[in-house]
Amino acid sequence: METKSEFKFLLCPRCGGKTRTQVKKNTVLKEFPLFCPKCKYVCEISFGNGKIENIKTPDAKTQC
Ligand SMILES: [Zn+2]
């Protein structure tokens, strides 16, 4: 039996950690500010078709 939640956490595009943002596979986000509690990083993402489609990083020069 399928007991898996239909919600899943978005992963931080920077460190790969779980953010506190949950999405469903039919969720659509546009220019959504995604905050990562692990590396305290915020980036703008667009989400559609069950995956992150576009990531806008305000401080792209910063390296890990
Ligand atoms: Zn992170």
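Residues are numbered from 1 along each chain as its sequence is written. Because the model is predicted, local features need pLDDT of at least 70 and side-chain atom pairs count only at pLDDT 80 or more, while totals for chains, interfaces and linings use all residues.

Me: How many helices and strands are there in the chain?
Reply: Helices (H or I, at least four residues) and strands (E, at least two) are DSSP runs, numbered from the N terminus. From the N terminus on, the elements run β-β-β-β-β. The chain therefore has zero helices and five strands.

Me: What is the order of the strands in the open sheet?
Reply: Two strands pair if DSSP finds at least two bridges between them. The pairing in this open sheet of three strands is antiparallel, and the order is β3-β4-β5.

Me: Which are the edge strands of this sheet?
Reply: In the order β3-β4-β5, an edge strand pairs on one side only. The edge strands are β3 and β5.

Me: How many bridges join β4 to β5?
Reply: The two strands run antiparallel. Ser46 stands opposite Asn54 in β5. The number of bridges joining β4 to β5 is five.

Me: Is Phe32 buried or exposed, or does it lie in between?
Reply: Phe32 belongs to strand β3, residues 29–36. A residue is buried if 20 or more other C-beta atoms, placed from the backbone, lie within 10 Å of its own, exposed if 12 or fewer, and partly exposed in between. Because Phe32 has 17 other C-beta atoms within 10 Å, it is partly exposed.

Me: Which residues is Phe32 in contact with, leaving aside its neighbours within four places in sequence?
Reply: Two residues are in contact if their C-beta atoms, placed from the backbone, lie within 7 Å. The contacts of Phe32 are Glu44, Ile45 and Phe47.

Me: What is the phi of Lys40, in the loop between β3 and β4?
Reply: Most residues other than glycine have a negative phi. Lys40 is exposed because it has 9 C-beta neighbours inside 10 Å. Lys40 is not a glycine, yet its phi is positive, at about 55 degrees.

Me: Where does Asn49 lie?
Reply: Asn49 is not a glycine but has a positive phi of about 55 degrees. With 9 C-beta neighbours inside 10 Å, Asn49 counts as exposed. Its place is the loop between β4 and β5 (51–56).
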